[in-house]
Amino acid sequence: MKYISTLGKTDPVNIETAILNGYAPDGGLYVPEYIPKVSPEQLDSWRPLSFTDLAFEIISLYLDRSIVPAVDLREIIDKSYGTFESPAITPVLPCKSIKNVYILELFRGPTLSFKDIAMGFLLNLMEYFLTRRNERRNILVATTGDTGPACGYAAIGKKTINAWLLYPQGLISPEQVGQMTQLDETNIRSVAVKECPDGGDDLDRVIAQLMGDADTKKKYSISSVNSINWGRVMAQIVHHFYGYFRVTENSGEKAVIAVPGGAFGNLCSGAIAMEMGLPLEKLICANNSNATLFRIFTDGVMSRKALINTISSAMDIVIPYNFWRYLFIRTGMDHIKFRTWFDQFNKTGEVAFDAESLAQIRRGIIAESVDDQRTKALIRNLFEQEQYLLDPHGAVALESALTLKEELPEDIPLLCLATAHPAKFPKVMSEIFKDLRYQDHVRHASIDDANKYLKHYYECDLNQLYTALMHALERNIAPK
Ligand SMILES: *Cc1c(COP(=O)(O)O)cnc(C)c1O
């Protein structure tokens with residue numbers, strides 16, 4: 001399997017290069033040159049597999065044996081998911097109070113969010129490649145709260161990786177900050193960036209600037225593990241299959257998956273799963289008030305609007321960069337058409353899709369946007385009905401799904417992705433609940449632990465970040 005850049009101005013590469021590069025050298029995102037198809041018979045044979053066995057089968061379709069032999073891939077997968085607190089890795093629970101609705105818990109990894117699903121795997125795979133090449137990388141991460149902790153945890157003890165965790169100060173929860181700053185490792189640095197009007201998007205822009213210069217990227221061996229990295233999107237395909245198998249009896253049945261969308265990484269993975277042959281009736285693209293995706297699917301226009309800070313802060317994103325990857329795949333992998341849209345958006349902050357392309361974009365996906373008030377009401381109602389505490393991101397997904405239910409076939413199983421543990425957002429929970437019954441559900445030992453340790457972090461103003469990072473990278477220049 002080869003990987004091509006969405007912009008098409010660079011040669012195809014193998015998976016090792018795609019993963020280690022992050023962005024393609026032309027500034028595009030890597031996509032597989034084709035999407036492998038899965039037959040109904042193959043689906044049936046996958047149904048009984050454990051999460052890790054399923055991961056092995058799916059990832060094998062994208063990763064040549066000549067680059068990662070089967071035994072090595074097994075070992076990387078087992079190591080990556082061995083850190084999860086649930087033996088199922090991503091357990092599925094039926095809602096007790098809503099018929100045919102299920103929750104797929106994606107937050108049973110070491111830092112209690114969906115980001116753990118792919119991050120451990122990606123960093124272990126990177127370390128495998130880098131050790132073999134005797135190289136190192138500086139990984140720059142921009143976080144809206146969950147990517148940073150997941151990357152920090154996954155980088156612990158890795159000799160080939162220096163991790164720089166950049167977060168917008170004041171815009172993520174103190175619990176999320178604590179998960180990063182508690183780390184006392186020589187290869188991990190947390191940086192609080194002040195004055196970020198566009199939150200994580202501001203940080204993404206600085207990283208893209210650093211990585212966009214080929215000389216800088218090479219000199220400092222920079223890479224990224226944000227979901228621009230194909231490895232993240234690839235590993236996230238697995239839970240869509242796994243969840244589907246848990247809520248259907250045979251592969252003639254369809255299901256609906258509701259996904260809380262931020263940078264569109266999880267949705268891109270789901271759409272690829274569909275393209276591979278996963279029998280989904282629809283994917284639901286659930287937005288908070290930052291509704292760039294909702295506007296694309298409803299109005300057919302991708303436009304940049306000012307950031308709104310919401311209680312589902314991990315989804316506070318202005319430009320859902322993985323939508324570009326999805327757009328390229330869905331509209332026939334046409335570099336010329338793609339570049340026209342991409343250039344226009346970068347120039348004007350807006351692009352309107354033609355009717356034919358829009359039909360492709362909308363195929364299999366419906367969208368909804370949910371504000372904080374509705375999110376809070378859903379969390380309260382669900383807890384009152386069945387004592388299950390959903391985090392604000394999962395709540396956006398469930399509220400979207402319940403709102404769109406009338407557009408869906410009756411009695412179809414509806415799987416809602418819960419992407420974070422509520423213990424990461426105690427302040428939001430205390431705003432929702434006046435009584436104390438919920439409090440046992442909003443705690444987790446690993447969060448309590450984070451407060452017991454010294455906090456290690458650097459500070460920087462956004463307008464100094466580029467220069468400051470260049471300076472720091474120069475002093476820590478990665479050995480050849
Ligand atoms: C990252 C994140 C999302 C959004 O996922 P994308 O892949 O960026 O769309 C949703 N919920 C939580 C809790 C997250 O951390």
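Which residues line the second largest cavity?

**About the model.** This is a predicted model, in which local features need pLDDT of at least 70, side-chain atom pairs count only at pLDDT 80 or more, and totals for chains, interfaces and linings use all residues. Residues are numbered from 1 along each chain as its sequence is written, and side-chain values use heavy atoms, with hydrogens and water left out.

View 1. Start at Asp146, where a polar side-chain atom lies 2.6 Å from an oxygen atom of the ligand. Gly262 has a backbone N or O atom 2.7 Å from a ligand oxygen atom, and for a backbone N or O atom of Phe264 the distance to an oxygen atom of the ligand is 2.9 Å. On its own, the ligand has 380 Å² of accessible area, and the protein covers 98% of that (areas come from the Shrake-Rupley method with a 1.4 Å probe).

**View 2. Step inside the largest cavity.** The ligand takes up the space of the largest cavity, whose volume is about 320 Å³. To find cavities, a 1 Å grid is laid over the protein atoms alone: a cavity is a set of points where a 1.4 Å probe fits but cannot get out, a pocket is an open set with protein on both sides within 12 Å along at least five of seven lines, and lining residues have an atom within 4 Å of a point. A molecule sits in one if more than half of its atoms lie within 2 Å of its grid points. A volume is the space filled by probe spheres set on the points, which are joined across faces, edges and corners. There are 29 lining residues here, with Lys115, Thr144, Ala263, Ala314 and Ile317 closest to the centre. Helix H12 (265-276) gives the largest share of this lining, three residues (helices are DSSP runs of H or I, at least four residues, numbered from the N terminus).

**View 3. Visit the largest pocket.** This pocket has a volume of about 690 Å³. Among its 26 lining residues, Tyr23, Gly27, Ala208, Phe342 and Asn346 lie nearest the centre. Helix H8 (200-212) and helix H15 (335-348) each give two or more residues to the lining, and H8 has the largest share, with six.

**View 4. Back to the opening question.** The second largest cavity has a volume of about 70 Å³. Its lining is made of Thr144, Pro168, Leu171, Ile172, Gly199, Gly200, Leu307, Asn309, Ser313 and Asp316. By class, that gives four nonpolar, five polar and one charged residues.

Terms used. A polar contact is a pair of N or O atoms within 3.5 Å; within protein, one must be able to donate a hydrogen and the other to accept it, and residues adjacent in sequence count only if both atoms are side-chain atoms. Ala, Val, Leu, Ile, Met, Phe, Trp, Tyr, Cys and Pro count as nonpolar, Asp, Glu, Lys and Arg as charged, and the others, Gly among them, as polar.
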